[in-house]
Amino acid sequence: MTDTGVAGILHSPAFAPYIVESRLLPAREGVYASFPPDLDGRIVAALCKQGISRLYTHQREVWEHLRQGRHVAVLTPTASGKTLCYNLPVLQALLQDPAARALYLFPTKALSQDQQAELNELTASSAEAKLPIQVATYDGDTPDSLRVGARDSGRIIISNPDMLHTGILPNHPKWIKFFSCLRYIVIDEAHTYRGVLGSHVADLIRRLRRITGFYGSSPQFILCSATIANPRELAEVLIGSPVTLVDRNGAPRGEKRIVLYNPPLVDPVQGIRRSVVTESRRWMAALLKAGIKTILFARSRIKTEVAAAYVNEDLANIYTDNARITVEAYRGGLLPNERREIEQGLRDGRIQGVVSTNALELGIDIGGLDAAVVAGFPGSFHGFWQQSGRAGRRGGTSVAVFVASSSPLDQFIMQNPQWFWEKGIEEARLDPDNPYIFMDHLKCAAFELPFQDEALEQGHDPFGAEAMDALTLLEEEGILRHTQGKWYWSDRSFPAEGISLRSAATDNVVILDVSRGSYGVIGEMDRPSAKELIFTHAVYIHRGRQYLVESLDIANRKCLVREAEVNYFTDALVRTDIQVLSEDAFFTVVPEGEPVPGSPITAEACLGDVLVRSQVTKFKKIRFHTHENIGYGNIDLPEEEIQTRALMLLFGDTTQGGRVLARFDEEAAGSVLAGMGTLIKQIAPVFLLCDSRDIGVAERVRDPHFGKPALFIYDKYPGGTGLAEALSQKTESLFAAIYQTVEHCPCNAGCPSCVGPGRHKPGTRAFLKALTCGGTAVWGI
């Protein structure tokens with residue numbers, strides 16, 4: 001694709017008036033290095049067969065560090081050849097030592113399958129250059145008949161953290177041959193291991209290191225990451241050891257045009273803009289009509305299915321090269337064969353477009369896509385550049401279109417495009433010592449191998465001396481038995497089975513289609529999501545087909561659906577209640593500079609534990625295309641309950657914020673706090689590497705615990721994952737960004753782009769102005 005290929009779309013009156021900025025990022029030349037002199041000739045021959053006659057400089061640098069026995073973290077952009085960074089040293093080691101083994105960990109099954117295909121292509125590129133190395137995938141989709149062969153003869157095992165957690169480590173005696181000779185552990189897409197998942201994976205790696213140490217091996221780690229602000233810190237926390245960072249990218253880059261697009265206002269008074277789904281669909285349809293293969297990233301499963309259906313409607317009678325343009329939806333919950341069918345269709349050209357959640361954000365090879373449409377900010381700049389990087393992976397000019405939603409964060413970016421370009425990539429945060437997660441993996445580790453007092457006290461066990469108190473607690477509960485300096489598992493349960501790495505829930509709901517008199521499985525969903533998406537009478541959309549939910553049986557983990565044709569989709573409403581359990585640390589926000597006696601306090605805050613109860617109570621019916629609300633329905637499901645961490649912002653009479661709130665009656669003060677809460681939920685993720693769905697916000701005009709107005713910002717995972725603590729260090733920056741969003745929004749009385757429709761915008765502006773006279777956190781007050 002050339003840049004002129006999209007010129008017609010960019011200058012079209014249907015799009016041009018609403019383009020906030022269009023910037024062409026220049027191409028850059030590659031920086032190359034020769035093959036290492038000690039690289040096996042068979043590998044060189046295999047690479048030459050693929051047209052690779054030299055390396056990028058970062059690939060050679062990784063090789064040199066690994067040959068010196070270091071753990072290495074590679075930080076380079078999308079499509080920069082990170083795969084070869086680990087394949088070269090791994091293949092070299094396995095050719096030199098016939099007993100050596102390697103473990104590749106990818107965050108998704110789709111990525112595992114893609115990488116096995118790439119490895120197979122390299123190891124069997126030709127009869128003359130064939131490498132005698134067996135590669136096997138071992139994940140939840142691997143048939144039982146192939147698992148024994150993979151364990152016994154697989155030199156490179158490709159898996160994911162979930163299978164390592166439940167299938168490999170608990171059964172390590174079956175893997176003696178593999179673990180005894182393990183030379184390398186590759187952790188690809190390491191930037192995805194943040195928050196809850198990252199905390200789990202860090203503890204999982206502790207368990208892995210215990211097992212490898214038990215069998216006498218000390219493997220080197222190779223971690224690959226897309227761009228984040230703290231790659232070395234993330235890598236070292238994940239593996240528990242120092243790493244060498246390689247971040248000087250030598251790969252070339254094609255031209256990329258980035259377009260910032262703000263949908264037109266349909267009601268300037270209320271600040272309502274045309275739907276992000278509708279506008280993203282128009283962009284995708286226009287690009288596909290121009291013969292440009294396109295991926296559209298949507299923010300949720302529902303929006304993915306709805307957008308794919310809209311685009312297919314638009315292109316129903318459009319043909320290119322005598323074939324109809326095909327667009328598929330790709331999201332979580334699809335069956336394995338459906339995922340692979342879509343991936344293969346994108347590679348071979350049968351499918352020209354795909355609408356995806358962030359499931360395709362990672363480095364899966366899905367063919368030569370030339371355009372990416374990002375429907376709404378994905379929650380982090382790191383995520384945006386990952387998604388935009390899906391286009392143009394094969395070189396040449398590509399285009400990425402960011403279509404703004406009405407959310408405060410999206411509109412903040414549209415009002416401050418320079419901030420968008422200057423904003424740094426976020427940090428990735430995780431907390432392997434989270435008490436809930438730590439205790440879960442401690443149980444799994446004890447089940448796998450007894451803990452030894454001596455190893456813990458001397459720091460030889462990856463879980464460290466801090467584990468002693470937790471082990472004592474488990475002994476008191478009858479789960480462990482302590483005798484002769486060792487801690488033995490004494491419970492009848494299989495602990496890994498009851499622990500999910502990716503969510504607070506460990507059990508999935510199976511979705512069964514009863515349309516044709518049989519119970520056919522068409523998907524699955526975790527329990528909390530099921531309560532919000534597939535409740536009784538909900539509309540469930542699966543690959544363009546509509547189903548009505550007949551019943552959701554949470555106790556038996558099954559949902560019955562029947563195919564139907566309706567003109568609406570559904571959206572659940574959730575009620576939340578919060579109870580304060582502990583107050584661990586207080587701080588105040590005061591004007592910028594050194595606090596002095598008498599400095600005005602803009603707000604008070606507290607970090608502590610809270611109990612959050614949430615319940616899905618009602619749902620809305622939203623008409624397709626117009627997105628108007630056409631009715632409500634009731635939902636009768638049990639509540640979810642978690643204990644977690646929260647940052648509690650308090651606005652008493654002694655604070656500037658509290659004095660502003662005191663000017664309003666209770667209803668107006670509630671509207672001000674609700675507007676503030678809306679803004680925090682949408683904008684706080686830009687200061688943390690998380691999604692807006694990772695945090696919850698609740699406001700209280702007079703909180704029963706503190707007796708004053710309060711805003712609760714809480715972590716949506718049991719025990720918390722450090723988000724509340726991280727945000728407590730950034731209150732000043734958060735307040736300032738929120739104030740700018742409200743100040744620059746053109747609406748008069750509140751809209752979806754700022755405080756929300758019908759909210760008290762003047763009051764919220766005055767409240768925020770009182771909070772942004774310059775603040776800095778002062779602890780211990």
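Student: Where does helix 5 lie, and at what angle does it run to strand 6?

Tutor: Helix 5, residues 109-123, lies across strand 5, strand 6 and strand 7, and runs at about 165 degrees to strand 6. Please keep in mind as we go that this is a predicted model.

Student: Which sheet do those strands belong to, and in what order do its strands come?

Tutor: Seven strands form an open sheet, in the order 6-7-5-8-9-4-10, with parallel pairing. Its edges are strand 6 (135-137) and strand 10 (244-246), each of which pairs on one side only. From one strand to the next, the twist averages 15 degrees.

Student: How many bridges does strand 5 make with strand 7, and how many with strand 8?

Tutor: Strand 5 (residues 101-105) runs parallel to strand 7 (residues 156-159), joined to it by four bridges. Look for Leu105, which stands opposite Ser159 of strand 7. With strand 8 (residues 182-187), strand 5 pairs over five bridges, also in the parallel sense. There, the bridge partner of Arg101 is Leu182.

Student: Are the residues of strand 5 buried or exposed?

Tutor: Five of the five residues of strand 5 are buried, so the strand is largely enclosed by the rest of the structure. Both of its faces are covered: Arg101, Leu103 and Leu105 are buried on one side, and Ala102 and Tyr104 on the other.

Student: How many residues of helix 3 are buried?

Tutor: In helix 3 (residues 57-67), eight of the 11 residues are buried, so this helix too is largely enclosed by the rest of the structure. The buried residues are His58, Gln59, Arg60, Glu61, Val62, Trp63, His65 and Leu66. After helix 3 comes Gly69, with a positive phi near 85 degrees.

Student: Let's turn to helix pairs. What describes two packed helices?

Tutor: Two things describe them: the angle between their axes and the distance between those axes. Take helix 9 (residues 195-214) and helix 10 (residues 231-239), which pack at about 50 degrees with their axes 7 Å apart. That angle makes helix 9 oblique to helix 10. Helix 9 contributes Gly198, Val201, Ala202, Ile205 and Arg209 to the contact, and helix 10 contributes Val237, Leu238 and Ile239. By type, the residues of this contact are six nonpolar, one polar and one charged.

Student: Why do residues three or four places apart in an α-helix point the same way?

Tutor: An α-helix has 3.6 residues a turn, so residues at that spacing point the same way.

Student: At what angle do helix 17 and helix 19 pack?

Tutor: Helix 17 (residues 435-448) packs with helix 19 at about 70 degrees, and their axes are 11 Å apart. The two helices are therefore roughly perpendicular to each other. Phe438, Met439, Leu442 and Lys443 of helix 17 meet Ala467, Ala470, Leu471, Leu473 and Leu474 of helix 19. This contact has eight nonpolar residues, no polar ones and one charged.

Student: What does Pro462 touch beyond its neighbours in sequence?

Tutor: Pro462 sits in the loop between helix 18 (453-457) and helix 19 (467-476). Leaving out residues up to four places away in sequence, Pro462 touches Arg206, Arg209 and Arg210. Arg206 and Pro462 are 256 residues apart along the chain, while their C-alpha atoms are separated by 5.3 Å.

Student: Is Glu279 buried or exposed?

Tutor: Glu279, found in helix 11 (residues 276-289), counts as buried because its relative accessibility is 0%. Its side chain makes a polar contact with the side chain of Arg282, at 2.9 Å. Setting aside neighbours within four places in sequence, Glu279 is in contact with Tyr261, Pro263, Pro264, Arg274 and Val403.

Student: Finally, how many residues lie between the strands of the hairpin of strand 26 and strand 27?

Tutor: Two residues lie between them, and Arg543 in the turn has a positive phi of about 50 degrees. Strand 26 (residues 539-542) and strand 27 (residues 545-553) pair in the antiparallel sense over four bridges, and Tyr540 has Tyr547 as its bridge partner in strand 27. Strand 27 also runs antiparallel to strand 28 (residues 558-563), with six bridges joining them. In that pairing Leu552 stands opposite Cys559. The hairpin of strand 27 and strand 28 has four residues between the strands, and Arg557 takes a positive phi near 55 degrees.

Conventions
Residues numbered from 1 in each chain as written. Predicted model: local features only at pLDDT ≥ 70, side-chain atom pairs only at ≥ 80, totals over all residues. Heavy atoms only, no water. Axes fitted to C-alpha atoms, helices over the stretch in contact; angles between N-to-C directions. Parallel < 35°, antiparallel > 145°, perpendicular 65-115°, else oblique. Contact = heavy atoms within 4.5 Å. Nonpolar A, V, L, I, M, F, W, Y, C, P; charged D, E, K, R; others polar. Buried < 20%, exposed > 50% of the residue type's maximum accessible area, 1.4 Å probe, protein only. Polar contact = N/O pair within 3.5 Å; in protein donor to acceptor, adjacent residues only side chain to side chain. Pairing = 2+ DSSP bridges.
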